[in-house]
Amino acid sequence: MHDLLDCEIVIVAEESLNASFAVTLFPEDLEDWEETLAGLEARRFTTWLNSGRTPSIRFKPQESGGLLVSVHDGPSTGITVTLPLFVLPPTWAAEQRDLLTRVREVYPG
């Protein structure tokens, strides 16, 4: 189908961890990412790609201002990788929205 977007979730944490998970996105997944960004901006726990057909990503804000990010590859390996992220730059969500806009501009609909 022409309305699917093939991409990867890539995790690199120093030399101890290097993982990638293939993901096929539907147009509604991009809408869900926009909602996920809104949740992150509001410092709420949120999950993206929780349909069960792809790996999912959970974002759990920490009191310190950091973020725990978990990728769960339920459909394939059953592996879950959780990484703590330090405080995100204040421009992070805006940069993600800009990237989302660029994807939508070239994404067949």
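This is a predicted model: local features need pLDDT of at least 70, side-chain atom pairs count only at pLDDT 80 or more; totals for chains, interfaces and linings use all residues.
Residues are numbered from 1 along each chain as its sequence is written. Local features need pLDDT of at least 70, side-chain atom pairs count only at pLDDT 80 or more, while totals for chains, interfaces and linings use all residues, and side-chain values use heavy atoms, with hydrogens and water left out.

**Exercise 1.** Work out which residues the salt bridges that share partners join into one network.

*Solution.* 
- Start with the criterion: a salt bridge needs a side-chain nitrogen of Lys or Arg within 4 Å of a carboxyl oxygen of Asp or Glu.
- The structure holds four of these. One of them pairs R97 with E34, with the closest N and O atoms 4.0 Å apart. R97 sits in helix α2 (residues 92-106) and E34 in helix α1, 63 residues apart; helices here are DSSP runs (H or I, at least four residues), numbered from the N terminus.
- Next, R104 meets E34 at 3.2 Å, N to O. That pair spans 70 residues, again from helix α2 to helix α1.
- Then E41 meets R97 at 2.7 Å, N to O. E41 lies in helix α1 and R97 in helix α2, so this pair ties together parts 56 residues apart in sequence.
- Put together, E34, E41, R97 and R104 make one network.

**Exercise 2.** Is E35 buried or exposed?

*Solution.* 
- Grab the cut-offs: buried is under 20% relative accessible area, exposed is over 50%, and partly exposed is in between (1.4 Å probe, protein chains only).
- E35 is found in helix α1 (residues 27-41).
- Its relative accessible area is 55%, so E35 is exposed.

Definitions and conventions:
Helices (H or I, at least four residues) and strands (E, at least two) are DSSP runs, numbered from the N terminus.
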